Structures are given as structure tokens and as C-alpha cells.
Amino acid sequence: MSVRRIVSKAAARVRQMLEHLFRRRRGAARNQSQSEAEAAKSLALPDDLQDGRAWDRYWKAHLGHGFGPQLFDMFTDDCLLIEVMRRDHLRSVLCVGNGISIEPRALAAAGFSVVALDISAVANAVARQAPVSDDDIARIIGRRGHAEGGSVEFVTGDIMDPTVCKGPYDVIVERRTAQNYDDAGMATFLTALADRLATPGILVSHCHDGDWRPGSEPRHATRDWFRENKWVVWEGSLVAGPTRKHVAWLFTSTG
Ligand SMILES: C[S@@+](CC[C@H](N)C(=O)[O-])C[C@H]1O[C@@H](n2cnc3c(N)ncnc32)[C@H](O)[C@@H]1O
């Protein structure tokens, strides 16, 4: 065999090996980006917000990265709410779309009758059973918030179903849940809460504005609905007098 033929065969062989190597790399990169896309999808909000199993998958995916305050109750401080509830003799609370929050257990520790409702059975099981320390409770109700006589019940169901948790409740708390629905869904969701609110009663609506940047006003996604429906609105820490009828207590977090 001539030298030229040997060199050309060797070059072809090297070309083949390189092509094979790059094909494998491209395949691996494709597989990696596929699994990254799947992981990102399972962490995103479900397409159908009334699909309890999809929320189960959402919570499993989030909990796969650990259980901690980054996932729940980062902004929950009920000290002022408890003060107002005691002042106005409000006793029953519905925490809707509770997720894995320990707020219902904290409010029960503060002496209130609490029902926690979520469409995800997984979230409910975690919220009911997760180990909770005195410090965790104190972050929500304060060191001196404890009182006897409280209770908590966990219900799995859809707030849009009128047979679920009919109430009425003196206080209803929704955090970062109504805001995920489109305008029509949000209106149905908030109406379902209003229908379960006693008179007098407080509806706490907490919206998170993850897009907020310094220099602009944080957006509270449900505010317009309350204004359009002529609710008395308390904002942030502003509590204007005793609770006489339906009051929307709006809280915005950012970050
Ligand atoms: C974004 S998470 C917020 C959880 C918690 N409130 C928080 O701030 O960490 C929304 C929660 O609402 C629940 N949810 C959504 N739509 C619901 C509905 N129609 N009825 C009851 N729960 C609902 C979901 O299962 C989920 O746990």
C-alpha cells in the first residue's frame, strides 16, 4: 500500500472517530437539555390550576430540593392580624390554597379555629405533618401570640366547588394563589372566597410581585378586583378601625 493511501485511510478513520465523538456529545447535550426542560416544567405552575394531581407533582418537584422557609411562609407575619381578630372577636379562619404553609398550625396555636384547604393532597399532608419548631410558630404569631382553645383541620378540595368548606369564616387568607389565575378565573376564585366570608369578616389577599424592581410601584394582582367590587380595602399594615363588614386586607411582597 502506498504511503499516500495509508495517510488517507488514517485521516478517514480519525474523521470517523471525531464524528462519532461529536454525535455522542450532541446526543448527551440534547438529553441534558431535555431533562433540564422537564425539571423546569415540573417546578413551574401547572397549566391547569384546578388539577390537584398537577399541583401534587409541582409540590413533589419543589420538595425534592428540600423543605425550608424559602418554600413557604417567607413573608407570613400574622401578629397584627391576630391583634385585630382578638379586638373584633373574630375566631374562625379559612386558609385557602394553603400549600405547605404552617400558618394554619400557627393560627391554631394562637387559639383560633382554623381550616386549611388545598387542592393538592400532597401539600396538605406536608402542611399537616411537617416538623414545626417553636421558633417557626413564633415567626408567624410572635413570641407571645399563644392562646388556648385553637384547632386545625386540613381539607383537600377545590374552593371553586361550592360544597367544599362552606363556612362562613370570620377571616379568609389566600396567599399567592388567586394571582395565578387569569382575570376570569381570579374573579371566580375571589367570589368563591367572598361567598364564604362572614359579616363582619376580613379577606386577606397576599400577592407576590416577583418582577418588581426598585423605583417602581409593586403590583398587587387582585387589588383591582376588590376596588371594582367596592370592597373596603386595608393596605399593608394599615388597619382602619374595627371590622364592621367585609374588608379586603391586601399585602404585597416582592423579591
Ligand atoms: C403558589 S401556591 C401558594 C401556596 C401558599 N399559599 C404559599 O403562599 O406558599 C398555590 C396553592 O394553591 C392551591 N390551589 C390552587 N387552586 C386552588 C383551588 N381552586 N382550590 C384550592 N386550592 C388551590 C395549590 O394546590 C397550591 O398549593
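Is Gly201 buried or exposed? Here are some notes on this predicted model, starting there.

1. **Gly201.** Gly201 is buried, because 22 other C-beta atoms lie within 10 Å. The rule here is that a residue is buried if 20 or more other C-beta atoms, placed from the backbone, lie within 10 Å of its own, exposed if 12 or fewer, and partly exposed in between. Gly201 sits in strand β5. Leaving out residues up to four places away in sequence, Gly201 touches Asp170, Val171 and His246, where contact means that the two C-beta atoms, placed from the backbone, lie within 7 Å. Arg244 is 43 residues away from Gly201 in sequence, yet 7.6 Å away in space, C-alpha to C-alpha.

2. **Ground rules.** Numbering starts from 1 along each chain, following the sequence as written. As the model is predicted, local features need pLDDT of at least 70 and side-chain atom pairs count only at pLDDT 80 or more, while totals for chains, interfaces and linings use all residues.

3. **Overall build.** The chain has eight helices and seven strands; these are DSSP runs numbered from the N terminus, with helices being H or I of at least four residues and strands E of at least two. Of the 255 residues, 32% count as buried. Among contacts with a separation of 6 or more, 74% are between residues 24 or more positions apart.

4. **The sheet.** Seven strands form an open sheet with parallel pairing, in the order β3-β2-β1-β4-β5-β7-β6. Two strands pair if DSSP finds at least two bridges between them. β3 (151-156) and β6 (232-235) are at the edges with a single partner strand each, so one side of each has no neighbour in the sheet. On average, neighbouring strands are turned by 20° against each other, direction ignored. Angles come from lines fitted to C-alpha atoms, for helices over the stretch in contact, and run from 0 to 180 degrees between N-to-C directions.

5. **Helices on the sheet.** Helix α5 (residues 121-129) packs on the sheet and touches β2 (113-118) and β3, its direction making about 160° with that of β3. Helix α7 (residues 183-194) also packs on the sheet.

6. **How β4 is held.** Seven of the seven residues of β4 are buried, so the rest of the structure largely encloses this strand. On one pairing, β4 (residues 169-175) runs parallel to β1 (residues 92-96) through four bridges. Leu94 stands opposite Ile172 there, and Cys95 opposite Val173. β4 is also joined to β5 by six bridges, again parallel, with Arg175 having His206 as its bridge partner in β5.

7. **β1 and β2.** These two strands pair in the parallel sense over five bridges. Val96 has Leu117 as its bridge partner in β2. Five of the six residues of β2 are buried.

8. **The core.** Which residues have the most contacts inside the largest nonpolar core? They are Val93, Leu94, Val114, Val171, Ile172 and Trp249, in a core of 56 residues. Such a core is a set of buried Ala, Val, Leu, Ile, Met, Phe, Trp, Tyr and Cys residues joined through C-beta atoms within 7 Å. β7 gives the most to it, with five residues. Setting aside neighbours within four places in sequence, Val171 is in contact with Met85, Leu90, Val93, Gly201, Ile202 and Val204.

9. **The ligand shell.** Of the 20 residues around the ligand, Trp55, Gly97, Gly99, Ile119 and Arg175 come nearest; a residue is near if its C-beta atom, placed from the backbone, lies within 6 Å. The shell divides into nine nonpolar, seven polar and four charged residues.

10. **Backbone spots to look at.** A cis peptide bond joins Gly167 and Pro168, with omega about 5°, and Pro168 lies in the loop between β3 and β4. Another cis bond joins Thr199 and Pro200, with omega about 0°; Pro200 is in strand β5. Cys165, not a glycine, has a positive phi near 45° and is buried, with 20 other C-beta atoms within 10 Å. His89 also has a positive phi, about 55°, without being a glycine, but His89 is exposed, with 10 other C-beta atoms within 10 Å.

Notes. Nonpolar A, V, L, I, M, F, W, Y, C, P; charged D, E, K, R; others polar.
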